[in-house]
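Morning, everyone. I will take a few local features of one model in turn, with the cut-offs as they come up. Please have the viewer open.

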Amino acid sequence: MDSWPIAHELEKRYPSPSLHLDHPIVVRVRDHIAKVRTPLEPHLIPRVPDAFLNPVSAEYFNRTREEKYGMPLSELERTKATEEGWELAKAPAKQAGDWLRKHGGPFFLGETGK
């Protein structure tokens with residue numbers, strides 16, 4: 001994940017409160033999240049530009065994601081956003097939910113993340 005090096009730099013610069021980057025559940029979730037994200041990308045990624053980005057950022061996002069997926073985002077959504085994606089995400093999403101419930105949530109390290 002692109003954000004992992006950023007998280008480590010934040011931890012280095014601002015060690016308190018800790019981000020708990022070495023905690024086993026944090027590493028487990030980091031490694032697991034792609035199992036939920038990947039099958040849902042065709043459903044979610046095409047909506048990002050209109051929902052969250054200004055025009056300049058949306059143009060960049062659309063262009064770079066077209067390169068990544070080999071098709072415009074509208075085509076990605078039309079051809080790849082299927083019920084199968086939701087089905088593939090179910091089991092890993094349930095697993096993540098089980099991890100949250102194990103510590104009482106709403107965070108993976110419990111109520112306050114400590």
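I start with charges over rings: a charge sits over a ring if NZ of Lys or CZ of Arg is within 6 Å of the ring centre and within 35 degrees of the ring normal. By that test the charged end of arginine 30 sits over the ring of tryptophan 4, at 4.6 Å from its centre. Arginine 28 has its charged end over the ring of tryptophan 99, and there the distance to the centre is 5.2 Å.

Some ground rules: this is a predicted model, in which local features need pLDDT of at least 70 and side-chain atom pairs count only at pLDDT 80 or more, while totals for chains, interfaces and linings use all residues. Residues are numbered from 1 along each chain as its sequence is written, and side-chain values use heavy atoms, with hydrogens and water left out.

How many aromatic pairs are there? The rule is that rings of Phe, Tyr and Trp (its six-membered ring) pair if their centres lie within 6.5 Å, with planes under 30 degrees apart counted as stacked, over 60 as edge-to-face and the rest as tilted. The count is zero.

Now helix packing. Helices (H or I, at least four residues) and strands (E, at least two) are DSSP runs, numbered from the N terminus. Two packed helices are described by the angle between their axes and the distance between the axes. Axes here are lines fitted to C-alpha atoms, for helices over the stretch in contact, and angles run from 0 to 180 degrees between N-to-C directions. Helix 2, residues 24-44, packs with helix 6, residues 83-102, at about 155°, and their axes are 8 Å apart. Helix 2 is therefore roughly antiparallel to helix 6, on a scale where under 35 degrees is roughly parallel, over 145 roughly antiparallel, 65 to 115 roughly perpendicular and the rest oblique. Their crossing is left-handed, meaning that the near helix is turned anticlockwise from the far one by less than a right angle; clockwise would be right-handed.

Proline 39 is in helix 2. Its C-alpha lies 8.1 Å from that of glutamate 84, 45 residues away in sequence. Lysine 90, in helix 6, is 51 residues from proline 39 along the chain, with a C-alpha separation of 9.8 Å.

Is proline 39 buried or exposed? Buried means under 20% relative accessible area, exposed over 50%, and partly exposed in between (1.4 Å probe, protein chains only). Proline 39 counts as buried because its relative accessibility is 15%.

Next, threonine 64, in helix 4, residues 55-69. Threonine 64 is at 17%, so it also counts as buried. A polar contact is a pair of N or O atoms within 3.5 Å; within protein, one must be able to donate a hydrogen and the other to accept it, and residues adjacent in sequence count only if both atoms are side-chain atoms. The side chains of threonine 64 and arginine 65 make such a contact at 2.6 Å. A polar atom of the threonine 64 side chain also lies 3.3 Å from the backbone oxygen of phenylalanine 61.

Last, the backbone. Most residues other than glycine have a negative phi, and most peptide bonds are trans. Histidine 20, in the loop between helix 1 and helix 2, has a positive phi near 55°. Serine 16 and proline 17 are joined by a cis peptide bond, omega about 0°. The bond from glycine 105 to proline 106 is cis too, with omega near 5°.
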